[in-house]
Amino acid sequence: MSQDDTTAAVATAPPPTGAGAPVARVEDLHVTFRRAGADIQAIRGVSLEVGPGEIVGLVGESGSGKSVLGLSLLGLLGGSPRTSGRAVVHGTDMLTAGAAERRDVRRLHLGAVFQDPMTSLNPTMRVGRQIVEAAGSQDEAVRLLTAVGVPDPARRLRAYPHELSGGLRQRVMIAMAVAGTPSLVIADEPTTALDVTVQAQVLGLVKRLRDEIGCAFLLVTHDLGVAAQVVDRVAVMYAGRITEVGPADEVLRHGAHPYGVALMRSRLSLRTDRDTPLLALPGSVPSPARPEPGCAFAPRCTLAGPDCTTTPPAPVEVAPGHLAACVRDLAEIRAFADAVPGEEPPATGRPSAATAPAAATEAGPGAAPDDAPVEEPAAVRVQNAYRTYGVGSGIGRRRPLQALRGVSLTVARGEAVAVVGESGSGKSTLLRLVAGLERADGGTIELGSAAGAQMVFQDSGASLTPWLTIGELVGERLRSAGVPRAERDRRVAEALELVGLPAEVAKARGTQLSGGQRQRVGLARATVVPPEILLCDEPTSALDVSLAASVINLVGRLRRELDMAVLFVTHDLSVARVVADRIAVMYLGRIVEIGTADEITHRPRHPYTQALVAAVPDLGVEPPPPSGEPASPLDPPPGCAFHPRCPRATPSCSDPALDPRLAAQPGERTRLTACINLEVS
């Protein structure tokens, strides 16, 4: 069988029997870009069908070609690439059709939802005008916003995109995508930047729209938990090819290709063992400029042999509708999937039970908090911190936005604390105050030593100055401290080695590195002079599952080897659980619950924490029903700020005189909760 025949055969597993003619068909697609004198082979012979009303998940690491495949179906490939094969939607080949014909297909039969709605929505136009352009009338725009669950849709039509939350903006994009009832919606990482609760709402919306209007979805994602919740079939992509395709439950639970199995082993869940290293794929996706002649995954595959490196493997049907391209015996792959990793030090660097710091307590807003035991030295102590911003422009038009409303938190030396909550809860503001990037309006923040705090940001690329070499970036603090050049170069090399990067990376620039490498550089720069506390602001949220596992392992190892504390901001409770000793849950500028990682994730007490835990994506778990939108920090609700969304709220919860305080329940020493209705739970 030829290489092209092999690839096509793997990917052409059809939609379920009786589904009808496919709404989209990709046949032996090749897409090659020309960059800097080299051919970049983004897609190398992919075939795939999407049936009517079917949700197909397209999963794989960054650089696998997922987005290029979606853009091919949309007829939006830029850069004048060389293409061959077909990408047919409603009878039109989107590769060869003229511009006018492609526009007609997009208008009548296709919808698109992209990762960042702010880059897709016009910031100078009101939301209503943009929806009307797609829907045809204001009445239809209101109907669409109602259908996608936007509250008070008539009022939202008058808003600008920046006035909406991330979840509302994504729902606006979905409303525009389904205007005109398309046959197929291509959703490219639509939930990557969203909180777990909003993500659950968007996923539930995708499934409901499929059921109500019958449109199919091609859901591009690197999050296997997202795929598991809503898709009917999964296609796994690697290095421009599809390695495995079949029913979602079959592929995700009984993977038949080592790559898919390795991805599943790398993903985190609330059941992940906290005391063993996270499993991460070694290496990275090969450069599309230098594709492997045989199985592209062979250099990273534990099961690879000489027969994997010469020609692409032929497809094998391992179950009805489930095909995989691997020469290894299925029993061998299943044994690999079930293998238990060897004994190694815990990846998260948590202290043992004998040496772990005593559990800290928290004081409520307005109190005189002293939340760490006196005998336990603190890396940072935040006491009753307030931070308010002025929002708006013009004289007398600025409104106060209350980002922090009396937060107290102590992180003991060597301890790791994760801060979780939805966007707008004040997590990043708290981190910036501890880092000294901003000053609190009230309260105090005390660092434990002169070593201070260092920060690692979410967008590793944006935090690296593009015209400086990595060596110059990592060595900045040493240079400003007057360290001689030779000593500086030695310490930079040691810092890079500590985060798993070769010394020659010092000569490169940030734009020449992968996302995972850039995040490692950020960690090297923060730890070249070991800080008392490392501050991490969503460092894994945009990474593939394997890269995220590698970064989490690295943070734990650095914590252990450099004996530093960690304050880790994330919206992913699965990450928080393995990174931290304790978890603090924030909502609208306050901590509403704090306790050990297992207490918070397995026995949550506050209704908000329970909603966050229920929204964590997992295999075989349906997304929970929508729990409403977070209130605006410009106008927080009286009493308990969560009461408009709380299933246990009583009239007392909305009393303006109510000031919920963190308090321990009888018999509890390590957990504090700010809720007056715990006794009815």
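In helix 5, Ile-131, Val-132 and Ala-135 touch Gln-138, Glu-140, Ala-141, Leu-144 and Leu-145 of helix 6, contact meaning heavy atoms within 4.5 Å. By class, six residues of this contact are nonpolar, one is polar and one is charged; Ala, Val, Leu, Ile, Met, Phe, Trp, Tyr, Cys and Pro count as nonpolar, Asp, Glu, Lys and Arg as charged, and the others, Gly among them, as polar. The model is predicted, with pLDDT of at least 70 required for local features and 80 or more for side-chain atom pairs, while totals for chains, interfaces and linings use all residues. Residues are numbered from 1 along each chain as its sequence is written, and side-chain values use heavy atoms, leaving out hydrogens and water.

The axes of helix 5 (residues 127–135) and helix 6 (residues 138–147) come within 8 Å and cross at roughly 105°. Helix 5 is therefore roughly perpendicular to helix 6, a label for angles of 65 to 115 degrees. Axes here are lines fitted to C-alpha atoms over the stretch in contact, with angles running from 0 to 180 degrees between N-to-C directions. Helices (H or I, at least four residues) and strands (E, at least two) are DSSP runs, numbered from the N terminus.

Turning to the aromatic rings, a search of the whole structure finds six aromatic pairs, with ring centres within 6.5 Å. The rings of Tyr-238 and Tyr-259 have centres 4.5 Å apart and planes at 55°, so this pair is tilted, neither stacked (under 30 degrees) nor edge-to-face (over 60). Tyr-238 belongs to strand 9 (residues 233–238) and Tyr-259 to helix 12 (residues 258–266), 21 residues apart. Ring pairs link Tyr-238, Tyr-259 and Phe-297 into a cluster.

Technical notes:
Angles under 35 degrees count as roughly parallel, over 145 as roughly antiparallel, 65 to 115 as roughly perpendicular and the rest as oblique.
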